[in-house]
Amino acid sequence: MALTTLDPITALIVVDLQRGIVGSPSIPGVGDVVERSRALTGAFRRHRLPVVLVNVDGGAPGRTERQRAGGPFPDGWTDLIPELDRQPGDITVTKRTWGAFASTDLESQLRSRGVTQVVVAGIATGTGVESTARQAYEAGFNVTLVTDAMTDPRPEAHDHSIANVFPRLGESGSTQAIIELLATRSVQA
């Protein structure tokens, strides 16, 4: 579904733009995702809307068929990238699951600020971004996905999420469309 509107109190959620992930050579188009996420965080802050910066530090404890990389992450792996220009008023969430809502207090932090809609961007489209969007949808938030501000090391997972999953969770739009809608919404408010 194409982007139509942003609620009066909409939060931006940027998933897993951290040194250990952004620095991976296996992620296509990461520079564009960083630049667009930076533009989005700036726009949301200018409009005094919540910005959520999410990083991942670990994984869920359940058994899986595929082995996870063992051992602790190297120093600095979980550090948010400086391009996000973390501000004191930003909400920061460290997750240990694919989605940013499970096992964190993100939902209560957003509800306490009156948030009814979330705009989601980041890495990886088919895991962290999709799981966060699913959890937001299941919690009753309106969901918007910034399809040009996300990427996945698995292009087929990226394409599948955008074509088949995201239309069932909410609306999708480009970085520019969201920034323009923020400006229009502010003029009307």
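**View 1. Strand β2 is mostly covered in this predicted model****.** Strands (E, at least two residues) and helices (H or I, at least four) are DSSP runs, numbered from the N terminus. Residues are numbered from 1 along each chain as its sequence is written, and side-chain values use heavy atoms, with hydrogens and water left out. In this predicted model, local features need pLDDT of at least 70 and side-chain atom pairs count only at pLDDT 80 or more, while totals for chains, interfaces and linings use all residues.

**View 2. Strand β2 pairs with β1 and with β3****.** Strands β1 (residues 10–15) and β2 (residues 51–56) run parallel and are joined by 4 bridges; two strands pair if DSSP finds at least two bridges between them. L12 stands opposite V51 in β2, and V15 has V54 as its bridge partner. The pairing of β2 with β3 is also parallel, over 5 bridges. Here L53 has T92 in β3 as its bridge partner.

**View 3. The open sheet has 6 strands****.** Their order is β3-β2-β1-β4-β5-β6, with parallel pairing. Because β3 (91–95) and β6 (171–173) at the edges each have a single partner strand, one side of each is left without a neighbour in the sheet. Neighbouring strands are turned by 25° against each other on average, direction ignored. Axes are lines fitted to C-alpha atoms, for helices over the stretch in contact, and angles run from 0 to 180 degrees between N-to-C directions.

**View 4. Helix α4 packs with helix α5****.** The angle between α4 and α5 (residues 155–169) is about 5°, and their axes are 10 Å apart. The two helices are therefore roughly parallel to each other (angles under 35 degrees; over 145 is roughly antiparallel, 65 to 115 roughly perpendicular and the rest oblique). Among the residues that meet are T125, V129 and Y137 in α4 and A157, I162 and F166 in α5.

**View 5. The largest nonpolar core has 31 residues****.** A nonpolar core is a set of buried Ala, Val, Leu, Ile, Met, Phe, Trp, Tyr and Cys residues joined through side-chain atoms within 4.5 Å. L17, F44, I123 and I178 have the most contacts inside this core. β1, α1 (19–22), α2, β2, β4, β5 and α6 (175–188) each supply at least two of its residues, and the largest share, 6 residues, comes from α2. Leaving aside neighbours within four places in sequence, the contacts of F44 include L12, V51, V119, I178 and L182. Apart from this core lies another, of 24 residues, among them L110, V118, M150 and F166.

**View 6. I179 is found in helix α6****.** I179 and F44 are 135 residues apart in sequence and 8.2 Å apart in space, C-alpha to C-alpha. Not counting residues up to four places away in sequence, I179 touches A39, L40 and A43.

Methods:
Contact means heavy atoms within 4.5 Å. Buried means under 20% relative accessible area, exposed over 50%, partly exposed in between (1.4 Å probe, protein chains only).
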